[in-house]
Amino acid sequence: MTAQFARINADRPACLILVGLHPKDARAADGELRHGELANLAAIHAAAFKATAVVGQYGGETAIVVPDLNARTAPASLPQFAEAMVKDAGRLGLSIQIAIGRVVPGLRSLRSTAGETASILRCLRRNDHLTVGTLEDFETEIVLDEAVAA
């Protein structure tokens with residue numbers, strides 16, 4: 001099946017990325033303005049990385065859905081994409097943190113990764129010196145958090 005409006009093949013690998021302001025930036029007096037700048041930055045980077053990427057909001061964070069990925073190259077290219085965004089955010093005076101979700105078989109599977117991607121972002125915030133994280137970086141911490149919460 002194809003997402004007709006953008007000619008996206010919904011059955012190709014995809015990934016959810018959540019981008020949040022570092023907590024000190026989010027609490028700043030101009031926090032709302034910084035959120036807007038972050039959304040603009042994410043949209044520019046997402047479009048440059050993949051023309052079919054979609055930027056929106058999820059749970060108060062900037063979300064990037066990256067469809068039609070190459071499953072073999074995505075694990076290396078997604079962190080590079082995120083690091084480039086962190087670097088450019090720094091040039092704008094923004095401190096950001098980026099959680100890269102699992103690459104899933106298709107767009108219909110993205111919903112299943114939203115919770116764990118949000119958990120990655122929470123882990124990054126507890127380790128405020130880190131800027132980019134994946135499930136592999138925090139898998140043990142996330143499992144322990146879920147066990148304690150259960």
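Predicted model: local features only at pLDDT ≥ 70, side-chain atom pairs only at ≥ 80, totals over all residues.
Colleague: Which residues of α2 are buried?

Modeller: They are Gly31, Arg34, Leu38, Leu41, Ala42, His45 and Ala46.

Colleague: And why do you say that they line one face of α2?

Modeller: Look down the axis of α2: the buried residues fall within an arc of 130°, so one face of the helix holds them. In general, an α-helix has 3.6 residues a turn, so residues three or four places apart point the same way. On the other side of α2 you find Glu32, Leu33, Asn40 and Ile44, which are exposed.

Colleague: What do the buried residues of α2 pack against?

Modeller: Their partners are the strands β3, β4, β5 and β6, plus the helices α1 (23-26) and α3 (74-91).

Colleague: On to α4, residues 111-126. How do you know that its span agrees with its residue count?

Modeller: Its 16 residues should span 22 Å at 1.5 Å each, and the end C-alpha atoms of α4 are 24 Å apart, which agrees. Its buried residues include Thr113, Glu116, Thr117, Leu121 and Leu124. Among the elements covering the buried residues of α4 are β3 (15-21), β7 (132-134) and α5 (135-149).

Colleague: Thr117 sits in α4. What makes you call Thr117 buried or exposed?

Modeller: Its relative accessible area is 0%. Buried means under 20%, so Thr117 is buried. A polar atom of the Thr117 side chain lies 2.7 Å from the backbone oxygen of Thr113. Leaving aside neighbours within four places in sequence, Thr117 is in contact with Leu16, Leu18, Ala99, Ile100 and Gly101.

Colleague: Glu61 is in strand β5. Why is Glu61 called buried when its relative accessible area is 13%?

Modeller: The cut-off is under 20%, and 13% falls under it, so Glu61 counts as buried. Beyond four places in sequence, Glu61 is in contact with Val19, Gly20, Gly56, Leu121 and Arg125.

Colleague: What about Asp68: why does it get the label "partly exposed"?

Modeller: Its relative accessible area is 27%. That lies between the 20% limit for buried and the 50% limit for exposed, so Asp68 is partly exposed. You'll find Asp68 in the loop between β5 and α3. Its phi is near 55°, a positive value in a residue other than glycine.

Colleague: Last one: which element gives the largest share of the lining of the largest pocket?

Modeller: That is α3, with four residues. The largest pocket has a volume of about 150 Å³. Its lining includes Ala74, Pro75, Leu78, Pro79, Ile100, Gly101 and Glu136. The elements that give two or more residues to that lining are α3 and α5.

Key
Residues numbered from 1 in each chain as written. Heavy atoms only, no water. Expected span 1.5 Å × (residues − 1). Buried < 20%, exposed > 50% of the residue type's maximum accessible area, 1.4 Å probe, protein only. Contact = heavy atoms within 4.5 Å. Arc of directions from axis to C-beta. Polar contact = N/O pair within 3.5 Å; in protein donor to acceptor, adjacent residues only side chain to side chain. 1 Å grid on protein atoms, 1.4 Å probe; cavity = no way out; pocket = protein on both sides within 12 Å on 5 of 7 lines; lining within 4 Å. Points joined across faces, edges and corners; volume = space filled by probe spheres on them.
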